[in-house]
Protein chains: 2
Amino acid sequence: MCPAPVADGASRGFIIPIGGGEDRIKEMQIHRRFVELSGGSNASIVVIPTASLLHETGQNYRRIFSRLGAGNVNFLQITRRADCNNPEFSEMLDNATGIFMTGGNQLRLSAILGGTLVAQKIRRRNAEGIPVAGTSAGASIMSEHMVAGGAGNEPPAEGKVSLAPGIGLTNSVIIDQHFTQRNRLGRLLTASSYNPFLIGLGIDEDTAAFIGADNVLEVVGSGTVTVVDASQMTHSSIWDAKPGQALSLLGLRLDVLGEGCRYDLKARIGYPPKDHTVIGALPTANDKNSE
Amino acid sequence: MCPAPVADGASRGFIIPIGGGEDRIKEMQIHRRFVELSGGSNASIVVIPTASLLHETGQNYRRIFSRLGAGNVNFLQITRRADCNNPEFSEMLDNATGIFMTGGNQLRLSAILGGTLVAQKIRRRNAEGIPVAGTSAGASIMSEHMVAGGAGNEPPAEGKVSLAPGIGLTNSVIIDQHFTQRNRLGRLLTASSYNPFLIGLGIDEDTAAFIGADNVLEVVGSGTVTVVDASQMTHSSIWDAKPGQALSLLGLRLDVLGEGCRYDLKARIGYPPKDHTVIGALPTANDKNSE
């Protein structure tokens with residue numbers, strides 16, 4: 001699905017994919033910032049634990065967000081498509097000031113929520129200005145084109161990533177999570193090679209990209225967000241490589257964003273944290289080679 | 001060490017780092033090409049199995065290269081520094097038409113060969129035109145700055161890679177091997193961030209970079225060579241990041257080279273295989289975003 005239209009004068013809420021495994025005990029800076037964006041003590045946060053098969057997931061997040069000062073936290077016990085028609089859930093989403101999708105399995109999430117009122121509400125509420133965060137599977141589902149699965153530890157190759165339609169909060173990125181920890185560069189590169197329009201975001205564990213209404217994301221957390229931009233690609237072997245054959249992809253751009261770095265998804269440019277000096281690109285590559 | 005000077009009118013031999021785990025049974029295309037470059041039936045190949053602790057390593061490679069038609073194959077049983085003064089070994093290297101360094105531990109290789117006549121001979125013979133190949137540890141050792149160790153599966157961070165002086169056949173690259181399979185992007189990025197002059201080569205298993213005298217490399221094998229070029233980097237946090245803290249590295253260039261691709265290490269440009277069409281870079285990144 002495409003993102004819901006944003007009304008004149010309104011601005012979309014933050015979209016916050018988290019790479020999984022985020023700190024839930026110590027600083028909890030990612031969750032803390034999400035709670036603040038949701039309104040803090042005035043927040044009404046709705047957790048969607050559908051990706052998880054663990055019964056306690058919803059309760060656990062209720063505890064975390066409450067501890068961080070959120071005024072009101074509920075979770076939607078959605079385990080099958082029929083649950084998505086529950087009018088009570090619909091009303092909770094209408095009144096939500098923040099929505100959080102837990103980890104688990106993103107295909108479970110897309111297969112249960114996809115095409116239901118709940119999915120539509122998430123998109124619309126985000127377009128109306130409320131933040132939507134998701135961790136692990138909950139991060140993958142956010143984009144229009146979702147990484148559904150695929151091998152880690154392998155070079156890019158056709159068929160090494162499986163895509164599925166996501167919930168569609170954004171269509172400018174494709175998201176992968178547990179990125180460094182599960183060695184998913186190959187599958188993100190494969191996804192990027194399918195259509196270079198998509199910016200690949202590889203999000204590490206305990207790391208989040210806070211994507212603002214201006215389509216500039218900022219990194220929060222202890223790991224990195226790896227941005228793959230294939231828009232300037234000079235060569236791809238994707239259309240004549242055999243399935244499983246390692247791909248050639250020339251002329252990619254790569255930004256490794258640590259905490260505080262920003263990336264403008266429209267201009268496709270990375271920025272250092274605000275208190276850092278930009279060192280400036282060097283004149284030509286050739287000059288460096290004579291060092 | 002720096003590469004040995006190339007005499008007027010001469011040209012350096014191929015430098016052939018291999019990512020480890022190369023096919024030694026079926027097509028053996030990497031070894032086959034090395035044997036051809038060494039002179040085929042007229043070849044006199046010298047194997048240096050020092051990185052390996054296995055007694056049979058030298059014999060095994062003798063068998064492989066002989067099966068591929070190499071006229072003459074010997075190995076130097078060097079297990080300690082004193083062996084490097086063996087005049088017989090010195091003579092074998094003087095007469096070699098190809099040198100091959102096996103896998104094992106690159107610090108064992110550098111600690112035993114470093115600063116000896118054997119290391120000097122390898123550099124000089126390469127400068128005189130003979131090909132030098134090395135797999136796994138034997139690949140790492142080839143550059144002036146060698147990746148000695150470091151963690152896989154982690155984002156780039158100061159201290160996450162350890163460097164040591166290599167044998168110095170080339171000083172334009174730093175080489176990592178078993179690259180995708182052992183998830184070594186983080187440590188290669190760390191190494192590149194130390195000094196962007198170095199081009200990072202991440203070589204997959206069963207894959208080799210044949211670096212010609214013109215400093216253009218060509219990829220042979222079933223995996224990819226990932227080229228990280230930090231020369232146009234716009235920001236690095238390396239000098240103020242805490243040890244272990246994930247680095248920010250903005251404005252990197254990335255080329256993923258499959259079989260037949262080439263990369264010009266002087267111009268820092270990747271090329272597709274000769275029979276492929278270059279698709280051409282698209283005008284601006286912004287245009288793509290409106291798709």
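1. Buried here means under 20% relative accessible area, exposed means over 50%, and partly exposed lies in between, with a 1.4 Å probe and protein chains only. By that rule Q106(A) is buried, with a relative accessible area of 8%. The model is a predicted one: local features need pLDDT of at least 70, side-chain atom pairs count only at pLDDT 80 or more, and totals for chains, interfaces and linings use all residues. Residues are numbered from 1 along each chain as its sequence is written, chains are lettered from A and ligands numbered from 1 in the order in which they are written, and side-chain values use heavy atoms, with hydrogens and water left out.

2. Surroundings of Q106(A). This residue is found in helix 4 (residues 106–113) of chain A; helices (H or I, at least four residues) and strands (E, at least two) are DSSP runs, numbered from the N terminus. Leaving aside residues up to four places away in sequence, Q106(A) touches A137(A), S140(A), I141(A), M146(A), V147(A), A148(A) and Q177(A), where contact means heavy atoms within 4.5 Å. The side chains of Q106(A) and S140(A) make a polar contact (3.4 Å). A polar contact is a pair of N or O atoms within 3.5 Å; within protein, one must be able to donate a hydrogen and the other to accept it, and residues adjacent in sequence count only if both atoms are side-chain atoms. From Q106(A) to A139(A) the separation is 33 residues in sequence and 8.5 Å in space, C-alpha to C-alpha.

3. The sheet of chain A. Two strands pair if DSSP finds at least two bridges between them.

4. Strand 10 (residues 207–211) and strand 11 (residues 216–221) of chain A run antiparallel and are joined by 5 bridges. A208(A) stands opposite V220(A) of strand 11. The two strands form a hairpin with 4 residues between them, and N215(A) in the turn has a positive phi of about 60°. Strand 11 of chain A also pairs with strand 15 (residues 262–264) of chain A, in the antiparallel sense over 3 bridges; there E218(A) stands opposite R262(A).

5. Axes are lines fitted to C-alpha atoms, for helices over the stretch in contact, and angles run from 0 to 180 degrees between N-to-C directions.

6. Helix 1 against helix 2 in chain A. Helix 1 (residues 29–37) and helix 2 (residues 57–67) of chain A pack at an angle of about 75°, with their axes 9 Å apart. They are therefore roughly perpendicular to each other, a term that covers 65 to 115 degrees. H31(A), F34(A) and V35(A) of helix 1 meet Y61(A), I64(A) and F65(A) of helix 2.

7. Helix 5 of chain B. In helix 5 (residues 117–127) of chain B, 8 of the 11 residues are buried, so this helix is largely enclosed by the rest of the structure. Among the buried residues are V118(B), I122(B) and R125(B). Their cover includes strand 1 (15–18), helix 3 (87–95) and helix 4 (106–113) of chain B. At the start of the helix, a side-chain oxygen of T116(B) reaches to within 3.2 Å of the backbone nitrogen of V118(B). G129(B), which follows helix 5 of chain B, has a positive phi near 120°.

8. Positive phi in chain B. Most residues other than glycine have a negative phi. M28(B) is not a glycine, yet its phi is positive, about 50°. M28(B) lies in the loop between strand 1 and helix 1 (29–37) of chain B and is buried, with a relative accessible area of 3%. N153(B), also not a glycine, has a positive phi of about 60°. N153(B) sits in the loop between strand 6 (145–150) and strand 7 (161–165) of chain B and is partly exposed, at 39% relative accessible area.

How values were computed:
Angles under 35 degrees count as roughly parallel, over 145 as roughly antiparallel, 65 to 115 as roughly perpendicular and the rest as oblique.
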